[in-house]
Amino acid sequence: MNRLLRFLLPLRCLGCGVPISDPPAGEAEPALCLDCRLALAEPPAPRCPRCDLPRGTGRLRPEFCGQCDDWPPIVRRAVAGVVLRPPADALVQSLKYAGWRRAAEPMAERIARRLVAFPELEGAPVVPVPTTERRERRRGYNQARVLAEALARRRGVEVLDGLARRVGSASQVALPRDERRANVSKAFVPGPDGSRIGAVSHTILVDDVLTTGATAGSAAEVLAALGSGAVTVAAFARALPHPVGRPGGVRRPMFR
């Protein structure tokens with residue numbers, strides 16, 4: 001029956017929409033075709049050692065890029081799995097807006113690859129960036145938590161709901177850099193697991209996209225107040241200063 005169903009309704013790549021053949025026995029349903037998997041690219045070096053922003057080449061530059069100077073001290077670093085360009089943007093859209101939870105698996109896999117370089121994060125719990133109750137009801141889930149769960153399974157660690165989001169903050173997607181920090185200022189409060197954060201020396205704060213770091217910084221300040229010793233921001237995609245397509249660096253997927 002499954003083979004007949006797959007013949008009638010084949011899996012399609014969330015990046016480009018082409019049909020994907022059945023995976024080997026025991027493997028999860030693939031979200032991307034081979035071409036799209038190969039097209040996912042890490043942020044190119046040299047990168048800012050704190051915010052992971054590619055700094056380009058050909059000119060002498062300071063060690064830090066300057067874009068993360070206003071981040072709170074609690075944020076030790078940010079790590080992004082890929083650059084926000086096709087097909088990464090389609091994966092983000094598929095998970096965030098189209099209900100395709102299977103997109104979280106390749107997204108988490110790319111984050112996990114980058115985190116291997118930081119042995120001090122071994123055993124650190126993951127904390128998803130929360131969304132508002134209204135958005136979660138509309139989507140049926142918080143995409144950052146689905147991503148955090150997929151990452152936690154790969155790393156063998158716990159997911160802590162250390163944060164909750166206040167009602168009223170607008171979407172960050174279309175806002176310029178100078179308005180993003182004001183929009184999320186005091187947007188977060190302790191969550192159901194907030195009392196457990198104080199026992200954690202380092203937490204991994206998980207979100208789908210990192211742009212200016214305003215959201216992550218505001219969330220990290222609450223984790224600091226709860227007692228976390230340090231925060232590493234882990235995002236699937238790093239938006240660049242000149243994004244692709246739509247405002248905020250995200251385009252609609254070819255297949256939904």
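1. Basis of the model. The model is predicted, and local features need pLDDT of at least 70 while side-chain atom pairs count only at pLDDT 80 or more, although totals for chains, interfaces and linings use all residues. Residues are numbered from 1 along each chain as its sequence is written, and side-chain values use heavy atoms, with hydrogens and water left out.

2. Overall content. The protein has eight helices and eight strands, taken as DSSP runs numbered from the N terminus (helices H or I, at least four residues; strands E, at least two). Of its 256 residues, 50% are buried, where buried means under 20% relative accessible area with a 1.4 Å probe and protein chains only. The accessible surface, computed by the Shrake-Rupley method with a 1.4 Å probe, comes to about 12,700 Å², and 53% of that belongs to carbon and sulfur atoms. Among contacts (heavy atoms within 4.5 Å) between residues at least 6 apart in sequence, 74% join residues at least 24 apart.

3. The sheet. Four strands form an open sheet in the order S3-S8-S7-S4, with parallel pairing, two strands being paired if DSSP finds at least two bridges between them. Strand S3 (75-83) and strand S4 (126-128) each have a single partner strand, so one side of each is left without a neighbour in the sheet. Neighbouring strands are turned by 25 degrees against each other on average, direction ignored.

4. Pairing within the sheet. Strands S7 (residues 202-210) and S8 (residues 230-238) are joined in the parallel sense over eight bridges, and Leu210 stands opposite Arg238 in S8. S3 runs parallel to S8, with seven bridges between them, and here Val75 stands opposite Val231. Eight of the nine residues of S3 are buried, so this strand is largely enclosed by the rest of the structure.

5. Helices on the sheet. Helix H4 (residues 104-115) lies across S3, S7 and S8 and runs at about 130 degrees to S3, whereas H8 touches S3, S4, S7 and S8, its direction making about 160 degrees with that of S7. These angles run from 0 to 180 degrees between N-to-C directions, with axes fitted to C-alpha atoms, for helices over the stretch in contact.

6. Helix H8. With 13 residues (214-226), H8 reaches 19 Å from its first C-alpha to its last, close to the 18 Å expected, that is, 1.5 Å times one less than its number of residues. Its buried residues include Ala214, Gly217, Val222 and Leu223. Just after the helix, Gly227 takes a positive phi of about 115 degrees.
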